[in-house]
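Hi everyone, thanks for coming. Let me put the structure up on the screen, and then I'll walk you through it.

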Amino acid sequence: MEIPSGVYDVLTDPRTVITDDRVQLPFQLDRPRYEQVDKVLKEIGGRWDGRKNVRAHVFPFPVEEYMRACLATREFPSRNEQGWYPTPSMVVDEMLAHAGVREGMSVLEPSAGTGNIAGPAAESGGVVDCVEIDERRVRALNALGVARRVVHADFLDLDPLDCPHGYQRVLMNPPFSAAVQHVMHALGFLDDGGTLVSILPESVMWHSDRATTEFRELIALADGTLTRLPDESFAPSGTKVRTVLCVVDAEPGGPLPTHGWHQRQPRQLDLFSVG
Ligand SMILES: C[S@@+](CC[C@H](N)C(=O)[O-])C[C@H]1O[C@@H](n2cnc3c(N)ncnc32)[C@H](O)[C@@H]1O
């Protein structure tokens with residue numbers, strides 16, 4: 001949901017203090033403006049604590065990093081719009097430790113949000129391309145300026161074969177509503193010899209639908225790992241969702257449907273083309 005401009009002005013006011021688990025407004029606001037700010041902070045999960053030594057909206061999670069991501073896009077995930085969970089920095093550090101991004105490596109972030117993964121990947125020397133479906137987040141990514149390219153698109157609509165090359169690393173935290181589909185599609189953009197690192201909902205460990213079962217089998221066949229992350233890993237993003245880290249290397253000639261694999265498939269003849 002959009003942060004109303006009056007609320008944005010208050011939250012970005014240099015007098016506003018956003019640290020740890022709280023937001024403090026040590027200045028007077030007129031009543032309607034205060035009510036607007038209070039409503040947004042409560043929607044995000046805060047509650048007003050009026051005790052003399054607190055006098056702040058207090059959140060059940062560290063709010064600073066999360067608020068920075070919201071303010072970058074002027075929006076916040078409401079209770080009804082839960083697809084956007086910026087990856088907390090401790091989780092990103094763990095992803096990068098597994099990915100081993102080095103100077104000049106090509107990296108794809110196919111659901112890049114506001115760049116919580118793309119930014120550190122670029123700082124590690126990666127040449128990062130981003131895809132993001134939401135226009136406001138695309139603007140935030142462009143403003144961040146860390147990506148070689150930011151593509152505003154539905155990642156699932158992109159054809160791996162329209163991409164002239166694969167990527168040495170794919171780093172992602174896709175929307176959990178279609179996480180397995182996103183990771184399977186992302187494999188088509190991975191170089192043979194590359195590594196994919198993804199956050200996934202913990203349900204991939206036990207869901208028994210066909211797509212999830214086949215996904216687990218494929219990751220096991222490729223000697224990849226699915227490792228549970230600590231329960232509170234996404235608390236800085238305001239959710240208790242349980243997550244796992246998927247790490248898989250694409251051995252050349254291995255079972256993963258990589259970019260090279262797609263290139264090796266015989267092209268389908270277009271028998272109905274005219275002319
Ligand atoms: C869980 S958030 C993670 C954002 C970012 N990867 C991060 O780690 O901070 C998922 C992101 O995927 C984006 N998204 C959802 N569906 C998408 C799609 N079909 N194609 C590209 N991006 C998508 C959402 O807008 C959101 O920014």
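What you're looking at is a predicted model, where local features need pLDDT of at least 70 and side-chain atom pairs count only at pLDDT 80 or more, while totals for chains, interfaces and linings use all residues. Residue numbers start from 1 along each chain as its sequence is written, and side-chain values use heavy atoms, with hydrogens and water left out.

Okay, let's begin with a loop. Serine 237 sits in the loop between strand 10 (225-228) and strand 11. Is serine 237 buried or exposed? Buried means under 20% relative accessible area, exposed over 50%, and partly exposed in between, with a 1.4 Å probe and protein chains only. Serine 237 has 5% relative accessibility, so it counts as buried. Leaving aside residues up to four places away in sequence, serine 237 touches Tyr66, Tyr85, Pro86 and Pro88, where contact means heavy atoms within 4.5 Å. There's a polar contact here too, meaning a pair of N or O atoms within 3.5 Å; within protein, one must be able to donate a hydrogen and the other to accept it, and residues adjacent in sequence count only if both atoms are side-chain atoms. A polar atom of the serine 237 side chain is 2.4 Å from the backbone oxygen of proline 86.

Tyr66 takes us to helix 3 (residues 64-73), where it is one of the buried residues, along with Met67, Ala69, Cys70, Leu71 and Thr73. Those buried residues pack against helix 1 (5-11), strand 1, strand 2, helix 2 and helix 6 (135-144).

Now the open sheet: 4 strands, in the order 1-2-4-3, with antiparallel pairing. The edges are strand 1 (17-19) and strand 3 (47-49), each pairing on one side only. To count as paired, two strands need at least two bridges found by DSSP. Strand 2 (residues 22-24) and strand 4 (residues 56-58) have 2 bridges, and arginine 22 has valine 58 as its bridge partner. Helix 2 (residues 31-44) lies across strand 2, strand 3 and strand 4, at about 20° to strand 4. For that angle, axes are lines fitted to C-alpha atoms, for helices over the stretch in contact, and angles run from 0 to 180 degrees between N-to-C directions.

On to the cores. A nonpolar core is a set of buried Ala, Val, Leu, Ile, Met, Phe, Trp, Tyr and Cys residues joined through side-chain atoms within 4.5 Å. The largest one has 27 residues, and Val170, Leu196 and Leu200 touch the most other members. Which element gives the largest share of this core? That's helix 7, with 5 residues. Strand 9 is mostly covered, with 9 of its 12 residues buried, and it pairs with strand 8 in the parallel sense over 5 bridges.

Last stop, the ligand. It has 23 residues around it, and the closest are Thr87, Ser111, Glu132, Arg137 and Asp154; being near here takes a heavy atom within 4 Å. A side-chain N or O atom of threonine 87 is 2.3 Å from a ligand oxygen. For glutamate 132, a polar side-chain atom is 2.5 Å from an oxygen atom of the ligand.
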